[in-house]
Amino acid sequence: MSATSTRTTTGSEAAAQPPAAPAPRRRKAPRPGRIVLVAVLTVAALYFLLPVYWLVVAATKSNDSLYGSFGLWFDDPRLWDNLSRVFSYDGHVYLRWALNSLLYAGVGAVLATLLSAAAGYALAKYRFAGREAVFKFVLAGVLLPSTALALPLYLMFSKLELTNTYWGVLIPSAVSPFGVYLCRIYAEAAVPDTVLEAARVDGAGEARIFFSLVLRIMTPALVTVFLFQFVHIWNNYFLPLVMLSDDRKYPITLGLVTWQQAADRVPELTQYTIGGAFVSVIPLAVAMLVLQRFWQTGLTEGSVKE
Amino acid sequence: MPTRRKVLAWGAAAAAAPALAGCGEKVGAARTTTATRRRPGQKVTLTFWTWVPLQKAVALWNKQNPDVRVDVQTVPANTSGGYQKMHSALTAGDPPDLAQVEYYALPEFMLVNGLTNLSEYGADELKGAYVDWQWQQGVFAGKTYAIPQASGPMGLFYRQDLFDKWDVEVPATWDEYRAAAVKIKKRGSLITAFPPANAQWFAALPWQRGARWVTTEGDTWVVDLTSPESLEVADFWDGMISDGLVSPIQDSQSAFFKGLQTGGLATWPGAQWYDALIRGNAPRTEGRWRVAELPQWERGAHASSNWGGSATAILQGSRHPVEALEFAHWLNTDPAAIDLLIAAGYGWPAARMELAGSALGKPDPFFGGQRYNEVFQLSDRNVDTSWRFAPTTTQSYAHVQDAFGRVLAGHGTLADALKDAEGKFVDDLKAKGLEARSAR
Amino acid sequence: MSTSVKPSGTAATRGRRRGRPDRKAWAFLGPFLALYLFAMVVPVFYAIYQSMLKVERNGPMGLGEPSVGFAGFENYSLALQQETFVDGFGRVLLFGLVQVPVMLLLALVLALLLDQVSHRWAGLLRATYFLPYGIPGVIATILWGFLYVPGVSPVTDVLGDLGFQPDFLGYDNVLWSIANIVVWQFAGYNMLIIVAQLKSVPQELYEAARIDGAGPWQTALHIKIPLVRPALVLTTVFSIIGTMQLFAEPLVLKKVAPAVTTDYTPNLSAYFDAFANANLYLAAAKSVILAVVAMALSFGFLSLVTRKQRSER
C-alpha cells in the first residue's frame with residue numbers, strides 16, 4: 001500500500017474538535033454532523049431495501065390488487081395462496097428450476113473451489129519452470145469479459161453436442177481464475193513449508209498432504225472462493241440463456257425471465273413471476289445478511305493487495 | 001532464432017488457412033429431403049407444426065386417409081418463437097414435415113435452404129387451383145417451394161351505428177377519412193388506432209399507394225422505404241398523429257379491443273382475418289359493423305393491399321415429401337377442409353373458389369347482414385402483386401417498429417423514421433451476405 | 001508429463017532436490033488448467049476463427065443453397081459499418097463514465113460513514129447495503145421494472161401525487177434507469193471491498209492524525225481515501241469490464257421499455273445477431289470486438305494508474 005505521510009493541520013478546523021478520550025478508538029462527530037450522518041445512512045438503507053420490501057408486499061397480492069392498490073402497503077394478503085400456485089404451475093416447473101439452480105451453483109462452486117485450491121496450492125508451494133508465466137496467464141483470464149465468452153462457448157459446444165445439457169453449464173462454471181488467485185495468496189501466507197516438509201519426511205504422499213493437511217489449513221479461503229463462485233454462478237444469466245433450450249433445465253433466473261416475458265399473453269404469470277422472485281430472493285437475502293462477513297474476511301485476506 | 005524450415009512451415013500453414021477455413025462448417029438445413037419409397041399399405045406419420053387452430057380439418061384428413069396420419073403440434077406463433085423453433089429443428093436435422101410459414105417469412109427460410117423444392121414432386125401442376133399472386137409467393141427462381149394457404153386482403157371495418165349517429169359518411173378517399181376523423185374526434189372518440197409496433201400493418205398502407213419497399217435488380221436487393229408514395233403515406237399519418245386524431249395503442253390487445261367494443265375506436269383498416277378477432281373480442285357490438293373498401297388516394301380507384309397470409313411449407317429434411325404435398329394440397333383446396341378452416345378463422349383462401357357457394361359468401365349477422373366478404377374479394381383482386389418481401393423481413397421490420405415507437409414518444413416524424421430504418425434494412429441484408437443497396 | 005502452456009523465460013529455479021514435487025505441481029495444476037484452456041482460452045480462439053468465416057450466397061438473388069467460405073476481416077468491417085452497433089459502444093461508454101464514478105462515490109461515502117458508526121450498527125447497515133449483491137441481475141431488473149412501470153409502481157404513484165410525471169422508461173431516461181439498477185446492485189459489494197481495505201489501515205496512522213488534531217473530515221480526505229486507492233483501482237477495473245458487457249438488464253427491461261432496441265449495447269447486438277438473426281459469424285466478430293475493447297480499456301486504466309503511482313513515488 002502506498003502510504004501518504006500524515007499531514008499535520010495547523011489547528012484551524014481542529015479547534016472545533018474536542019480532545020479525544022484516550023481509550024475508545026471511535027470518536028463521536030459533532031451533533032449536527034451526526035444527524036446528517038444518520039440521515040444519509042438511513043436514506044441509503046431505505047434505497048437498498050426498497051425493491052425487496054416492495055417484493056414482500058407484492059408477493060402477498062393478487063393480480064388485480066397489484067394494479068389497483070398502493071404498492072408499498074398490503075392489501076388483502078394471500079401469500080400462501082400465491083405461493084402454492086407458483087409451485088404447482090406447469091407441472092411444478094418452479095421446483096425444478098430451484099433444484100437446477102442449486103445444482104449448477106452448488107456443484108459448480110464445489111468443483112471450482114477444489115480445482116482452484118489445487119492450482120493455487122501448486123502455484124504457491126511448488127517451484128517449477130514457468131510458474132510465474134502460468135500465473136500471469138491465469139490472471140489474464142480474470143480480466144476476460146465473461147459474457148464475451150458465452151457466445152463462442154455456445155458455438156464450440158454445439159459442435160461437440162454439449163449444448164442444452166447440464167454439462168454445458170457446469171463445465172464453464174467450474175473455472176474460477178479469481179479463485180486460483182485467492183487460493184495462491186492464501187496458501188503462500190498460511191501454509192507453512194515446515195509442515196509440508198515434516199509430512200513428507202513422515203512418508204506422506206503429495207495427494208495425501210493436500211487433501212488431509214492443506215485443505216484444512218486453507219479452509220477460510222476455500223469458503224470465500226466457494227461463496228464467490230456460488231453467487232457468480234447463481235446470478236449468471238447469459239451462459240444458461242445461451243446454452244439451454246429445454247425449459248426443464250433452466251435455473252431460476254432464466255425461468256423467471258421466461259415467465260415475465262410471456263406475461264402479456266398469460267396475465268397470471270405476472271403474479272407468478274413476483275411470487276417466484278420472492279421465494280428465490282428471501283433465502284438469498286438472509287444468506288447475504290448472515291454470510292457477508294465471509295466476503296469481508298476474504299477480501300481483507302489478500303484480494304486487495306497490489 | 002527461428003529456423004528457416006520453421007518459418008516456411010508456418011508460412012505454408014498460413015497460406016493454406018483460408019482454403020481450409022470453413023471446411024467442416026455447414027450452414028442451414030442439416031438434412032435434405034428424400035422421398036422414401038412407400039410400400040402399399042405402409043403407414044406414414046407426418047408432423048405438422050402450426051399455431052392456427054386447424055385440428056378439425058386435420059382430423060377430417062386422418063379419417064379419410066388412415067394410411068397417412070398427420071400429427072398436428074401447436075407451436076408458439078410466428079415471431080413469438082415458432083420460427084425460431086423451426087430454424088433450430090432445421091439446423092439440428094430433425095424438422096417437422098410440414099410447417100406454417102407466412103408469406104413474408106418464406107424468403108427467410110429460403111436463405112437457410114429450409115424449404116423443399118416441390119417442383120421435383122410435381123407441384124407445378126397444382127398451380128391452377130390457386131389464386132395466382134398467392135401461388136407466386138412460394139415461387140423462387142421458377143421453382144415452387146410452398147403451397148399457399150390464405151392471405152389477408154385489406155378493407156375498412158367501421159361502426160355503421162356510430163357513423164349514423166354522428167352523421168359521418170363512409171370515406172371513399174383518404175382526405176374524406178381525415179375529415180371524418182376530425183368530426184369523430186369532436187364527439188369524443190377517435191377514428192382508429194395507430195399501432196406503434198406493427199410494421200406489417202403499416203406496410204400495407206404504402207403498398208396500397210403503389211410503393212414497393214423491396215425489389216430486386218438482378219441479384220441485388222433494393223430497399224426503398226422513402227419513395228414519394230411511401231412518404232406521402234407517412235406524411236398523411238404524421239398529420240393524423242400530431243393532430244391527435246388517432247390513438248397510439250397497439251392493436252390486438254386488451255386496450256384496443258376495449259376501444260372497439262365501447263366505440264372509442266370507430267374504424268379499423270385491417271385485413272380480412274380481423275373479422276374473427278373483432279367477433280371474438282368485441283362480441284357486444286354484434287350487428288353494428290360493416291366493411292368497406294379501403295379509402296383511396298385517387299377517387300374512383302380500387303387499389304388495395306394485403307396484410308399477412310401464410311402457406312403450408314414442406315421443410316427441408318422431410319422423409320415423405322410426396323405424402324406431405326398431397327396433404328398440403330388437400331388442406332388448402334378441398335371444399336370440406338376449406339369450410340373447416342374458415343370456421344377456424346384462418347383468412348382469405350388461396351384456392352380459387354366461387355364465393356357464392358361457400359361459407360364466405362353468406363350474409364353475416366355480425367356485420368348487419370352484409371355479405372362483407374364480397375368487399376374482400378374485390379380487394380383481393382386489386383392487391384398490387386408486385387410487392388416483394390426481403391429475406392430479413394422480421395428483423396428489418398423490427399427496425400421500422402423501433403423507429404415508429406420513437407416517433408410516437410415525440411421524437412421526429414414517420415418520414416424520418418422510414419429514412420432511418422432504410423439504412424438499417426440494407427445493413428441487415430448485407431449482414432446476411434446478400435447484395436443490397438438503398439434505392440436513393 | 002508437463003503440459004506445455006507457454007514457454008517461460010523466467011530464471012530456471014529448478015531445484016534438483018525438489019525433482020519429484022516439481023512434477024507433482026502439474027498434477028495439481030492440471031485439472032484446473034485443462035478446464036481453463038477448454039472453457040476460457042480455446043473459445044477465444046474459436047471465436048476469432050469463426051469471425052473470419054462467412055456465409056456465401058449462391059443462386060438468383062442469393063436464395064440458392066448457401067455455403068461457408070473465408071471472410072478475412074469482412075465481418076469486422078460489416079460490424080463497424082453498422083451504425084447501431086457502433087452507437088452501442090458510445091452508449092455503453094457514456095453509461096460507464098457516469099455510472100461507475102457515481103457507484104464508487106456512493107460506495108466510498110458509505111464505507112467512510114460506516115467507519116464513524118458503532119460496531120453493531122455498522123454490521124447491520126453493511127449487511128443491508130450488501131444485500132442487493134446476492135440478488136441476480138435479472139431478478140433485480142424484474143423488480144425495478146415493476147417499480148418503473150406507471151400503474152404498478154408505488155414510486156410513480158407517490159411522485160405523481162407530488163406533481164411529477166416521471167417517465168423512467170422513456171427514450172431519454174431508460175439508460176439512467178438501467179444505471180440505477182446497476183448502482184443499486186453493486187454499490188454495497190464495492191463498499192465492502194473498500195471497507196476491507198480500510199480495516200487494514202494500521203491504527204497508528206489514525207492515532208497520529210488524532211494527536212495532530214485532525215478532525216474526521218481531514219482524516220477521511222488525507223488518510224483514508226488515499227489508502228483505499230488500491231481498492232478503488234480494483235473496483236474500477238471490474239466495473240469497467242462489467243459495464244462494457246451490459247446485457248442482462250437491458251434485455252429484461254426491453255419487454256416493458258420499447259426504447260431498448262436490439263442494438264442497445266454491443267453485447268445485446270451480438271446476442272440478437274447470433275440467436276435471432278442467425279448471423280453466427282458476424283456475432284462472433286462482434287464478440288471479439290467487444291472483448292478487445294473491454295480489455296483495452298481495463299489495461300489502459302491500469303497502466304494509467306500504475307504510471308501515475310510510479311511518478312508519485
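Helix H10 of chain C covers residues 229–244, 16 residues in total. The model is a predicted one.

Chain C as a whole has 13 helices and two strands. Its radius of gyration is 25 Å, whereas the globule rule gives 20 Å for 313 residues. The value is well over the rule, so chain C is more spread out than a compact globule. Along the principal axes, the C-alpha atoms of chain C fill a box of roughly 85 × 80 × 35 Å. Buried residues account for 50% of the 313 residues of chain C. Contacts in chain C between residues at least 6 apart in sequence were also sorted by separation: 68% of them join residues at least 24 apart.

Chain A is built from 13 helices and zero strands. Along the sequence, its pattern reads α-α-α-α-α-α-α-α-α-α-α-α-α. Of its 306 residues, 43% count as buried. Among contacts in chain A between residues at least 6 apart in sequence, 73% link residues at least 24 apart. Helix H13 of chain A, residues 268–303, contains Glu268(A). This residue, Glu268(A), has 15 C-beta neighbours inside 10 Å and therefore counts as partly exposed. Glu268(A) and Ala174(A) are 94 residues apart along the chain, and their C-alpha atoms are separated by 37 Å.

The contacts between chains come next. Two pairs of chains are in contact, and chains A and C share the most contacts. The contact between them takes 103 residues from chain C and 92 residues from chain A. On the side of chain C that touches chain A, helix H1 (residues 19–50) of chain C gives the most, with 18 residues. By class, this side of chain C has 67 nonpolar, 24 polar and 12 charged residues.

Chain C also touches chain B. Here 29 residues of chain C are in contact with 34 residues of chain B. On the side of chain C that touches chain B, strand S1 (53–56) and strand S2 (67–70) of chain C are the elements that give two or more residues. S1(C) supplies the largest share, four residues. The residues of this side of chain C divide into 15 nonpolar, 10 polar and four charged. Chains A and B, by contrast, have no contact joining them. The closest C-alpha atoms of chain A and chain B lie 9 Å apart.

Chain B holds an open sheet of three strands, in the order S8-S9-S15, with mixed pairing. Strand S8 (214–217) and strand S15 (436–438) of chain B stand at the edges. Each has a single partner strand, so one side of each is left without a neighbour in the sheet. On average, neighbouring strands of the sheet are turned by 30° against each other, direction ignored.

The two pairings of this sheet can be taken in turn. S8(B) and S9(B) run antiparallel and are joined by four bridges. Val214(B) has Val223(B), in S9(B), as its bridge partner. The hairpin of S8(B) and S9(B) has two residues between the strands, and in this hairpin Gly218(B) takes a positive phi near 65°. Strand S9 (residues 220–223) of chain B and S15(B) run parallel, with three bridges joining them. Trp221(B) is paired with Ala436(B), its bridge partner in S15(B). Across S9 and S15 of chain B lies helix H16 (residues 414–431) of chain B. This helix, H16(B), runs at about 170° to S15(B).

Technical notes
Residues numbered from 1 in each chain as written. Chains lettered and ligands numbered in written order. Predicted model: local features only at pLDDT ≥ 70, side-chain atom pairs only at ≥ 80, totals over all residues. Expected span 1.5 Å × (residues − 1). Contact = placed C-beta atoms within 7 Å. Nonpolar A, V, L, I, M, F, W, Y, C, P; charged D, E, K, R; others polar. Pairing = 2+ DSSP bridges. Axes fitted to C-alpha atoms, helices over the stretch in contact; angles between N-to-C directions. Rg over C-alpha atoms; globule rule 2.2 N^0.38 Å. Buried ≥ 20, exposed ≤ 12 C-beta atoms within 10 Å, placed from the backbone.
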